[in-house]
Amino acid sequence: MRLVIRNLAAVLAAVLIAALLDAYVSERAAVWWLGFVLVVYALSETAYLARLHHWATLPRNRSLPAGYGPWRALIARLSRFVRQEVDAQGELASELARIHAAVDQLPDGLVVLDRYDHVLWANDAAESLHGIFGTRRPIHHFIRQPELANLLASNEPGSSIRVELPGRPGRIYELLLHRAQGDQKLLITRDVTERAKLDAMRSDFVANVSHEIRTPVTVIAGFAETLLTLELDAEQRRQYLESILAQSLTMQRLVDDLLTISSLESDTQALDDEPVDVPALLERLVDEARALSAGRHEISLAIDGPRRVLASPGELESAVRNLLTNAIRYTSDGGRIAVDWRVQDAEGRISVRDTGIGIAPEHLPRLAERFYRVDRGRSRATGGTGLGLAIVKRILARHQGHLRFDSAPGRGSTFVLCLPAARLIPDAATAAQPPVAARTAAPADDNTTASEGAPIDQRPSSTSRSEPTGA
Ligand code: ADP
């Protein structure tokens, strides 16, 4: 409004001067005056318009030419507006740069494709995974898997394929396609190796359990049918019923072990730690093992470690029992089994050594896997489920410990439960001595050693193994 008033005032002033000139000087002077004002006005406007035109052709961030007269206020406002826009653009550009930098940090590859499946943009991960460089090139120049064509043609939102990529052996990648704005597509490449392994493990597990259950169920069904259809004498009936009972017990053991492993792996149950009297526990379990062996083996016990450890009594008992049962099952009559409790290398170690059949080195890496058996027939015949060592390994993981084993065919095996120093409770009588963790045990007793009498961790690494317990 002020601008309009000021302009009107200037026009009125020029007209008033012209009227005064007309009245007091001459009509001619008034006309010259008006002509002069018009020419000056036209020239200055033309010059200013030329400067504005020049500004409009320059890059946007040059400031507007300073206004004069009636233009000043308008140009000042326009300048402010242009400045704000330039600032906003700068912020947008740095925001975009930040987003690009963040997207480049992503481990997943991202590629934006146009409607013809040409690359519009790719992040660092996609460039390195697929060797993408530049833009406007068809994506199949970089990803040559034949399944890609089907994926790109698919209209299903979020459809995906799993592929292996050249130069990345052993890794499995998922290519995931999303339709983006307009005709654009977003192709995400994600490393799903671990997930694929888990999926495979899960289906292996289901297949293994079904397989393990099928054998006893088939046997039970067969004998039951025979009992129902054939006339058998009392002795035959007894034999068939005994077989049914034996297969039922196998199934019961399998179900018990499955429940144990699933509760150990679910991690919902907290560890009920309490001081456990190790010598008392081992004495009880060795007595139990002697009863199971029924005099077929010579079973000895040596105690050289602290009396108590912090552990779940039930779980520790189950772990030692599993090792002792295996030692009895895989050691022929007349063999020796030695149980030993000591501190060595800042760990509490309960070892079970036998002079049994032993295990060939190629089996050692997979020994503690669920359902892995060296000799399936022997394991089944002796009531094994193939889950014993997997249970032991899981129990030790819950105690931050680990399982070590060492074996050689024909020479016997040694399995060692290793508990961390933090779980050892120093004996009151020895509390004045250096902490338990710092003490080391005397060398292993030759009489109870399955192979050459060296402590387990001093034997060649090809036959000795420490099982990671994290899984
Ligand atoms: P299983 O119920 O079959 O014994 P485990 O998980 O306890 O299952 O043991 C896995 C496999 O390891 C066994 O099938 C057996 O082949 C081998 N094994 C375990 N302990 C011993 C041992 N003391 N001596 C020889 N082989 C053993």
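Two cavities of 30 Å³ or more are present in the structure, which is a predicted model. The largest pocket holds about 790 Å³ of space, and the second largest cavity holds about 40 Å³.

**Second largest cavity**

- The space in the second largest cavity comes to about 40 Å³.
- Its lining consists of Glu 212, Thr 250, Leu 254, Arg 373, Arg 380, Gly 384 and Thr 385.
- By class, one residue of the lining of the second largest cavity is nonpolar, three are polar and three are charged.

**Largest pocket**

- The lining of the largest pocket is made up of 42 residues.
- Nearest the centre of the largest pocket lie Asn 322, Thr 325, Asn 326, Arg 329 and Tyr 330.
- At least two lining residues come from each of H7, helix H8 (278-293), helix H9 (313-329), helix H10 (376-381), H11 and strand E12 (412-420).
- The element that gives the most to the lining of the largest pocket is H9, with nine residues.
- The lining of the largest pocket divides into 17 nonpolar, 14 polar and 11 charged residues.

**Helices H8 and H9**

- The crossing of H8 and H9 is right-handed.
- On the H8 side, the contact is made by Leu 281, Leu 282, Arg 284, Leu 285, Val 286, Glu 288, Ala 289, Leu 292 and Ser 293.
- On the H9 side, the contact is made by Leu 316, Glu 317, Val 320, Arg 321, Leu 324, Thr 325 and Ile 328.
- Thr 325 of H9 takes part in this contact and is also one of the residues nearest the centre of the largest pocket.
- The contact of H8 with H9 has 10 nonpolar, two polar and four charged residues.

**Helices H7 and H11**

- H7 and H11 cross in a left-handed sense.
- H7 makes the contact through Asp 257, Thr 260, Ile 261, Leu 264 and Glu 265, and H11 through Ala 390, Ile 391, Arg 394, Ile 395 and Arg 398.
- Five residues of the contact of H7 with H11 are nonpolar, one is polar and four are charged.

**Helices H2 and H3**

- Glu 45, Tyr 48, Leu 52 and Trp 55 of H2 make the contact with Trp 71, Ile 75 and Val 82 of H3.
- By class, six residues of the contact of H2 with H3 are nonpolar, none is polar and one is charged.

Note on methods: Residues numbered from 1 in each chain as written. Predicted model: local features only at pLDDT ≥ 70, side-chain atom pairs only at ≥ 80, totals over all residues. Heavy atoms only, no water. Left-handed = near helix turned anticlockwise from the far one by under 90°. Helix = DSSP H or I, 4+ residues; strand = E, 2+ residues; numbered from the N terminus. Contact = heavy atoms within 4.5 Å. Nonpolar A, V, L, I, M, F, W, Y, C, P; charged D, E, K, R; others polar. 1 Å grid on protein atoms, 1.4 Å probe; cavity = no way out; pocket = protein on both sides within 12 Å on 5 of 7 lines; lining within 4 Å. Points joined across faces, edges and corners; volume = space filled by probe spheres on them.
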